[in-house]
Amino acid sequence: MPRRSPGAKAKRLARELAADRDRVGLNLREAAEAMGWDKSTLSRIETGKRNMSYEEAVQLIGLYKVSGDRRDRLLNMARTMHEAGWWEQGLRGLPADTSSLADYESEAKRITNWAPLMIPGLLQTMEYGRTWMLADGLDPEDVEVRLTARLRRQHILTGDVQYAAFIGEPALHAEVGGLQVLSTQLGALLDMAQRPNVTIRVVPSRVGAHRGQLGGFLALEFDEFSPVVHVELVRSGVFLDDTTLTDPYMEALTHLSRVAMGETESLRTITATKGEVDSRWTS
């Protein structure tokens with residue numbers, strides 16, 4: 001058995017296989033017995049506490065009678081679930097939460113960010129991010145590791161992934177790092193919005209009560225598989241993958257899409273805000 005902890009892809013594969021087990025009407029005990037395992041072994045795989053080998057994944061796919069395109073996708077996931085990504089190479093001290101997030105982002109087809117009070121991490125400049133992390137009390141060495149990881153994570157936006165950011169209007173005015181840093185950050189948003197796969201929309205303060213006010217989150221969507229939601233906490237984060245937990249967040253994004261400014265109006269607002277910041281900075 002592999003001894004390394006399951007990565008995000010291995011956990012997602014285990015979750016999908018658990019859904020296939022339910023689909024064919026097998027309970028944990030019945031499936032484990034068919035595999036020649038203890039019930040606890042299969043339970044630990046499905047809950048992401050134990051890794052599985054490619055051969056075990058293939059056996060489970062056969063046991064659950066998975067066929068067609070879904071079988072091909074699961075087999076491909078099984079073949080690559082233990083491949084090391086950049087987040088496992090040469091960045092000592094990188095939090096496990098960040099590694100898992102990068103792993104999920106590398107597989108996502110669509111990423112949607114709701115950031116009510118600050119610029120989303122995938123759109124932050126290095127100085128903006130550095131200022132915020134230091135203000136959060138992180139050790140300077142840890143900050144540089146996290147910034148390096150964030151820079152590498154941001155590279156995902158140069159690919160095919162569709163990325164949408166809903167940004168709260170207050171975030172555009174928060175003087176993280178001072179006026180010059182904020183001006184550069186707003187300019188970076190305008191530049192990023194020119195990419196064909198990036199959408200930035202501002203949620204105005206005047207809309208009143210809405211579903212996103214409880215806090216920010218990141219939703220990751222995949223081909224054929226259920227979405228994962230990442231909720232950032234102080235110094236860590238939590239991943240939600242059960243549809244009973246992720247559905248309210250996906251519904252919140254639909255609601256945010258209704259109350260947010262359109263893309264053109266959003267860019268005008270960011271441009272106007274940058275002009276005000278530049279005027280104050282240079283005066």
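I111 has Y163 as its bridge partner in strand 2. The model is predicted: local features need pLDDT of at least 70, side-chain atom pairs count only at pLDDT 80 or more, and totals for chains, interfaces and linings use all residues. Residues are numbered from 1 along each chain as its sequence is written, and side-chain values use heavy atoms, without hydrogens and water.

Strand 1 (residues 110-115) and strand 2 (residues 162-168) pair in the parallel sense over 6 bridges; pairing requires at least two bridges found by DSSP. Strands (E, at least two residues) and helices (H or I, at least four) are DSSP runs numbered from the N terminus. The open sheet has 6 strands in the order 3-2-1-4-5-6, with mixed pairing. Strand 3 (198-203) and strand 6 (236-240) are at the edges with a single partner strand each, so one side of each has no neighbour in the sheet.

The largest pocket has a volume of about 830 Å³, the space filled by probe spheres set on grid points joined across faces, edges and corners. A pocket is an open set of points on a 1 Å grid over the protein atoms alone, where a 1.4 Å probe fits, with protein on both sides within 12 Å along at least five of seven lines; lining residues have an atom within 4 Å of a point. Of the 35 lining residues, W132, R150, H230, E232 and L233 are the closest to the centre. Helix 8 supplies the largest share of the lining, 4 residues.

| Class in the lining | Count |
|---|---|
| Nonpolar (Ala, Val, Leu, Ile, Met, Phe, Trp, Tyr, Cys, Pro) | 19 residues |
| Polar (the others, Gly among them) | 9 residues |
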